[in-house]
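Please keep the sequence and the model in view while reading.

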Amino acid sequence: MADRGWASTRLIQAAQAGDPESITAVVHGAHSHVRRFAEHLCASPQDAEDAAQEALIILYRKIGSLRATGALASWMFRIVRNECLRRARLLLDRYDEAGAGLVASAEEEVIQRLEAEVVAQAIRELPDVQRRVLIMRDVLGHPGRRVAETLGLSNAAMKSQLHRARSAVRLSLGGKTGG
């Protein structure tokens with residue numbers, strides 16, 4: 001099973017044909033490679049994790065549209081690269097919208113960055129499903145129904161996970177930001 005780095009041609013072909021076990025095996029085998037690539041390319045560890053997860057979701061959903069089995073690795077890495085670039089553009093757009101002139105001093109900028117890191121750490125500490133729901137819903141702004149469908153949850157389960165994630169972040173931040 002080392003033909004293309006993590007999956008044999010036969011396994012990839014079975015996944016392309018829609019075999020659920022093969023798709024799962026390809027996605028599972030790709031995870032560490034995709035994650036490692038994302039860590040080198042994305043701006044932050046959380047962006048790397050999100051980009052890797054997004055790439056694996058796309059792989060899971062669209063492996064049937066892959067034309068050549070030998071192109072799997074380059075296809076996956078292109079998805080990760082594009083996702084990391086998209087996240088970097090979003091960050092820059094938010095920074096531009098906030099207005100760089102709003103920061104009154106270097107100390108204020110440091111405080112803002114420290115607060116952002118505290119929030120990011122609180123989000124990183126969430127269980128996987130809660131973190132993914134929170135990021136998709138509150139950070140990326142996806143509609144609840146889309147988040148639920150993407151993660152394979154019912155709408156009620158997605159809302160429950162979102163509530164738990166928000167509560168956990170609030171609780172975590174309560175002792176760290178003075179609020």
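1. Terms and basis. Helices (H or I, at least four residues) and strands (E, at least two) are DSSP runs, numbered from the N terminus. This is a predicted model, in which local features need pLDDT of at least 70 and side-chain atom pairs count only at pLDDT 80 or more, while totals for chains, interfaces and linings use all residues. Residues are numbered from 1 along each chain as its sequence is written, and side-chain values use heavy atoms, with hydrogens and water left out.

2. Overall composition. The protein has eight helices and zero strands. Of its 179 residues, 34% are buried, where buried means under 20% relative accessible area, exposed over 50% and partly exposed in between (1.4 Å probe, protein chains only). A contact means heavy atoms within 4.5 Å. Among contacts with a separation of 6 or more, 60% join residues 24 or more positions apart.

3. Helix α1. Which residues of α1 (residues 9-16) are buried? They are Leu-11, Ile-12, Ala-15 and Gln-16. Seen down the axis of α1, these buried residues fall within an arc of 140°, so they line one face of the helix; the arc is that of the directions from the helix axis to the C-beta atoms. After α1 comes Gly-18, with a positive phi near 100°.

4. Nonpolar cores. A nonpolar core is a set of buried Ala, Val, Leu, Ile, Met, Phe, Trp, Tyr and Cys residues joined through side-chain atoms within 4.5 Å. The largest such core has 25 residues, and those touching the most other members are Val-26, Val-34, Leu-56, Leu-59, Leu-72, Trp-75 and Met-76. At least two residues of this core come from each of α1, α2, α3 and α4 (72-98). Another core, of 15 residues, lies apart from it and includes Leu-126, Ala-165, Val-169 and Leu-173. Leaving aside residues up to four places away in sequence, Leu-56 touches Val-27, Ala-30, His-31, Val-34 and Met-76. In soluble globular proteins, nonpolar side chains tend to be buried together.

5. The cavity. On a 1 Å grid over the protein atoms alone, a cavity is a set of points where a 1.4 Å probe fits but cannot get out, and a pocket is an open set with protein on both sides within 12 Å along at least five of seven lines; lining residues have an atom within 4 Å of a point. Grid points are joined across faces, edges and corners, and a volume is the space filled by probe spheres set on the points. There is one cavity of 30 Å³ or more. The volume of the largest cavity is about 100 Å³. Which element gives the largest share of its lining? That element is α3, with four residues.

6. The second largest pocket. This pocket holds about 230 Å³ of space. Elements giving two or more residues to its lining are α2 (20-41), α3 and α7 (144-151). The largest share, five residues, comes from α3. Among the lining residues of this pocket are His-31, Leu-56, Tyr-60 and Thr-150.

7. Pro-45. This residue is placed in helix α3. Is Pro-45 buried or exposed? Its relative accessibility is 51%, and Pro-45 therefore counts as exposed. The C-alpha atoms of Pro-45 and Arg-124 are 9.1 Å apart, although 79 residues separate the two along the chain.
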